[in-house]
Amino acid sequence: MILISVGNTRTLLARTQDGVHFDSTSVVTSLPPTEILQQPGLTWLSAPNREPVALGGVVPTVLAAWREALATAEVREPDPGFFRRAVPHDYHPPESLGFDRRCCLLAAAMDFPGHDSIVIDMGTAITIDLLAGGHFRGGRILPGIAMSLRGLHEGTALLPEVVLNTPPAEMLGNDTSSAIQAGVIHLFADALRGAITDYRQSSPQAQILITGGDAECWQPSIPGSFYQPHLLLRGFYLWIQGGVLP
Ligand SMILES: Nc1ncnc2c1ncn2[C@@H]1O[C@H](COP(=O)(O)OP(=O)(O)OP(=O)(O)O)[C@@H](O)[C@H]1O
Ligand SMILES: CC(C)(CO)[C@@H](O)C(=O)NCCC(=O)O
Ligand SMILES: [K+]
């Protein structure tokens, strides 16, 4: 099966035989799907006799462009009813819960039944969601790391665009760049730790699953967390399969 997941910054293009191992690459979401399909390295996406394509994401206009570009393929889109049954929730309105959050919650619910999970997705935006007793209890949406750094640069005259070092940062910065490093790294470290502490008041045993473009370098600063690079793809696969495993 081929999986296409449209994120705000990057679009994941993946292929799997078993729903466990994923061959994946990503392209910038702003590139038109027709151009992506013509890239030499991606012929498996557009080859004749191609396998079924699962399509999902969080950018409606880009999803529409993909539907058009894939017109001749067998395109499968996730069924909200299945999600609702697999991961009951009170999100309002229910359909507004982001596709990427749903995929990660579904993977956590189906792969770790009986476990409560705090699901952290560090992408363009960051989400910190609580799955407890098999139900999605709600979560937090934060600006992402790259977006926050860009915001400081674009909203001021004197702050440069900074590339973030790997956490931890020094407590006190003594030049502009170090002060931004200290500010942004501590902002997110404190936000993640705070959410974990708060959520564990109701779910003391909750495990921490962390995924998304910025997850790998942040995982070590969240003690006890598990880096799950393919959490979204795994959930997307399970969703499209309707929970039936091969
Ligand atoms: N090659 C890359 N290009 C852009 N951002 C990257 C790259 N690798 C890692 N990142 C980091 O990943 C973050 C974006 O995460 P991700 O790739 O999960 O975004 P996304 O798929 O657009 O997700 P979302 O659906 O949350 O918008 C950025 O904050 C950036 O720092
Ligand atoms: C929160 C993001 C941007 C995270 O990628 C995405 O899941 C999204 O656009 N969600 C829709 C709004 C919501 O989940 O409430
Ligand atoms: K994401």
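Biologist: In which helix are R193 and D190 three residues apart?
Modeller: This is a predicted model, in which local features need pLDDT of at least 70, side-chain atom pairs count only at pLDDT 80 or more, and totals for chains, interfaces and linings use all residues. Residues are numbered from 1 along each chain as its sequence is written, chains are lettered from A and ligands numbered from 1 in the order in which they are written, and side-chain values use heavy atoms, with hydrogens and water left out. Helices (H or I, at least four residues) and strands (E, at least two) are DSSP runs numbered from the N terminus. R193 and D190 are separated by about one helical turn, because they sit three residues apart in helix α7.

Biologist: What N to O distance does the salt bridge of R193 and D190 have?
Modeller: A salt bridge is a side-chain nitrogen of Lys or Arg within 4 Å of a carboxyl oxygen of Asp or Glu. The structure holds seven of these salt bridges. In the one between R193 and D190, the N to O distance is 2.8 Å.

Biologist: How many residues apart are R140 and D198?
Modeller: R140 forms a salt bridge with D198, the closest N and O atoms being 2.7 Å apart. R140 is in strand β8 (residues 135-143) and D198 is in helix α7, and their separation in the chain is 58 residues.

Biologist: How far apart are the farthest two C-alpha atoms of the UniProt "binding site" residues?
Modeller: An unreviewed UniProt entry lists Y91, G98, F99, D100, R101 and T176, with positions in the numbering used here, feature names shortened, and annotations that may be inferred rather than shown by experiment. These residues span 86 residues in sequence, and they do not all gather at one spot, because the farthest two C-alpha atoms are apart by 40.7 Å.

Biologist: Which residues does T176 contact, leaving aside its neighbours within four places in sequence?
Modeller: T176 is in helix α7 (residues 176-202), and its relative accessibility of 42% makes it partly exposed. Contact means heavy atoms within 4.5 Å. With those neighbours left aside, the contacts of T176 are L159 and P160.

Key: Buried < 20%, exposed > 50% of the residue type's maximum accessible area, 1.4 Å probe, protein only.
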